[in-house]
Amino acid sequence: MGAPKKLFIKTYGCQMNVYDSERMAEALAGGYEPTDRADEADLILLNTCHIREKAAEKVYSEIGRLKRLKDDRPDLRIGVAGCVAQAEGALMMERAPAIDLVVGPQSYHRLPELEARARAGERALHTEFDEDKFAALPGRRRKRAPTAFLTVQEGCDKFCAFCVVPYTRGAEVSRPVARVLDEAARMVDEGVREITLLGQNVNAYHGADGAETRSLAWLIRRLAEIPGLARIRYTTSHPNDMAQDLIDAHGDEPKLMPYLHLPVQSGSDRILKRMNRKHTAAQYVGIIDRLRAARPDLLLSGDFIVGFPEETEEDFRATLDLVERVNYGQAYSFKYSARPGTPAAEREEVAADVADDRLQRLQALLARQQRAALEAMVGREAEVLIEKPGREAGQMVGKSEHLHAVHVEADAAPGTLLRVLVTGAAPHSLAGRPL
Ligand code: SAH
Ligand code: SF4
Ligand code: F3S
């Protein structure tokens, strides 16, 4: 065997793609070592996102750029993975002759075989849905950052009227309990102190455990028994799967961090219905109230779509009212983007300038709430999991329990848990001094 070839992966989209990219690198570790320079790579993989039109467009422009690299380096192979590959892989191959390989999100265990075919001059495509794509991967031992993602559930059966995920990621599947526990134990051995459990609907987790089926709350409590693991988080959740045992875990499992991303999309019942969300605004707020009763300092995050087809000013105001009522610590908001093949794509769109104006108003409100949440931390104690050196000398950066970035003047190694006094708030982060 010659020297290992070089692999460059560019990741777009959600955290699950970040996790998948790591596992793709592991799947190809037999012949490739990672590089962060596209211009020295022998294989470039784009791990793509299809959620909004802009996300998908980026991929085509990137392929245009990469094509030029290929002119100078005929041995370079270019592959497309992720949700755009799943949604329109065959079409992409037609449109872009530079693509040698297309692999859908459920087929990454086939990468070595697909790579070999692409190397041999074939254009290889695989977008079937296979079971548990990572079950077969051995994975190498390696040194790790203190925080890691771990996918426990994938796919979605909810079919919100605007969303491509049920089509690109397929039906909801949970990984068996034993696989998750093994992978978590190994991560901790390799230096991980905080694990974020991932799933498109992570709180719908229902993993097999022998003859039993276990919930996400059960899984979290089992993971919390791993001695070296200090913190557990999970994302993304759907309101309708926010079970009582999970709410209870927020109240009494100390390793479960007081932060929750719980998207609602809209505060208008009329729009929620047209979105096929299957819950009302009041039901969502009721869940938040129960969560806060269990864990008063819980910091809430959410996702919002403005300008969904037929959204009126009154509907939009209901969203603002809901935001006022919930008071988010941070949130994401998007202008509606029609996605081919989804039910909402058939409907009449809100005028672009109206949607832009609503997005600005919503984002101004969310930014005010985020700033207030950061400022409310000043003068309080926080525990920071140190991740890496900060921008200035002598400074380290880590995350608080509430997922705030905290800059600390301290000589603490990554992976250290540090108690600090929060001394200041900036627009997106905090400053702290060790206690
Ligand atoms: N499974 C997660 C997240 C899915 S995608 C969930 O259900 O919450 C992340 C976010 O992108 C969504 O919550 C939604 O706010 C946004 N999104 C999805 N489809 C969109 C579309 N067609 N246009 C604009 N935003 C969209
Ligand atoms: Fe998309 Fe809705 Fe499923 Fe979330 S719950 S992934 S928004 S279909
Ligand atoms: Fe994008 Fe696919 Fe994630 S569409 S948001 S990469 S599940």
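Biologist: How far is an oxygen atom of ligand 1 from the side chain of Arg52?
Modeller: The distance is 3.1 Å, going from that oxygen to an N or O atom in the Arg52 side chain. It's a polar contact, a pair of N or O atoms within 3.5 Å; inside the protein, one atom must also be able to donate a hydrogen and the other to accept it, and residues adjacent in sequence count only if both atoms are side-chain atoms.

Biologist: Before I get carried away, what kind of model is this?
Modeller: This is a predicted model, where local features need pLDDT of at least 70 and side-chain atom pairs count only at pLDDT 80 or more, while totals for chains, interfaces and linings use all residues. Residues are numbered from 1 along each chain as its sequence is written, chains are lettered from A and ligands numbered from 1 in the order in which they are written, and side-chain values use heavy atoms, leaving out hydrogens and water.

Biologist: OK, back to ligand 1. What do Asp303 and Ser337 do there?
Modeller: Asp303 has a polar side-chain atom 2.6 Å from an oxygen atom of the ligand. With Ser337, a backbone N or O atom sits 2.8 Å from a nitrogen atom of ligand 1.

Biologist: How much of the accessible area of ligand 1 does the protein cover?
Modeller: It covers 90% of the 530 Å² that ligand 1 has on its own. Those areas come from the Shrake-Rupley method with a 1.4 Å probe, and for residues only the protein chains shown count as cover.

Biologist: Which residues come nearest to ligand 1?
Modeller: Phe162, Gln200, Gln265, Asp303 and Ser337, out of 14 residues around it. To be in that shell, a residue needs a heavy atom within 4 Å of the ligand. The shell splits into six nonpolar, four polar and four charged residues. Here Ala, Val, Leu, Ile, Met, Phe, Trp, Tyr, Cys and Pro count as nonpolar, Asp, Glu, Lys and Arg as charged, and the others, Gly among them, as polar.

Biologist: Which strands and domains supply that shell?
Modeller: Strands S15 (299–306) and S16 (330–335) each give at least two residues. Domain 2 (141–255) and domain 3 (258–376) each give at least three. Helices (H or I, at least four residues) and strands (E, at least two) are DSSP runs, numbered from the N terminus, and domain bounds come from an automatic or database domain assignment.

Biologist: Is Ser337 buried or exposed?
Modeller: Ser337 is buried, because its relative accessible area is 15% and buried means under 20%, with over 50% being exposed and partly exposed in between (1.4 Å probe, protein chains only). Ser337 belongs to the loop between S16 and helix H12 (352–375). Apart from neighbours within four places in sequence, Ser337 is in contact (heavy atoms within 4.5 Å) with Arg52 and Glu53.

Biologist: And what surrounds ligand 3?
Modeller: Cys14, Asn17, Thr48, Cys49, His50, Ile51, Cys83, Arg169 and Gln200. By type, that's four nonpolar, four polar and one charged.

Biologist: What about ligand 2?
Modeller: Its neighbours include Cys156, Cys160, Cys163, Phe162, His238 and Arg277. The whole shell divides into seven nonpolar, two polar and two charged residues.

Biologist: Switching topic: where is Asn47, and what does its side chain make a polar contact with?
Modeller: Asn47 is in strand S3, and its side chain pairs with the side chain of Ser21 at 3.0 Å. Asn47 counts as buried because its relative accessibility is 0%. Beyond four places in sequence, its contacts include Lys10, Tyr12, Asn17, Met24 and Tyr108.

Biologist: What do the buried residues of H2 pack against?
Modeller: Strands S1 (5–11), S3 (43–48) and S4 (77–81), plus helix H3 (82–95). Among the buried ones in H2 (residues 53–72) are Val59, Tyr60, Glu62, Ile63 and Lys70.

Biologist: Now the backbone. Which residues does a cis peptide bond join?
Modeller: Thr235 and Thr236, with omega about 0°. Thr236 is in the loop between strand S13 (231–235) and helix H8 (244–252).

Biologist: What's the phi of Lys278, and of Leu403?
Modeller: Lys278 isn't a glycine, yet its phi is positive, about 65°. Lys278 is in the loop between helices H9 (269–274) and H10 (281–294), and counts as exposed at 60% relative accessibility. Leu403 has a positive phi near 70°; it sits in the loop between strands S18 (395–399) and S19 (405–409) and is partly exposed at 30%.
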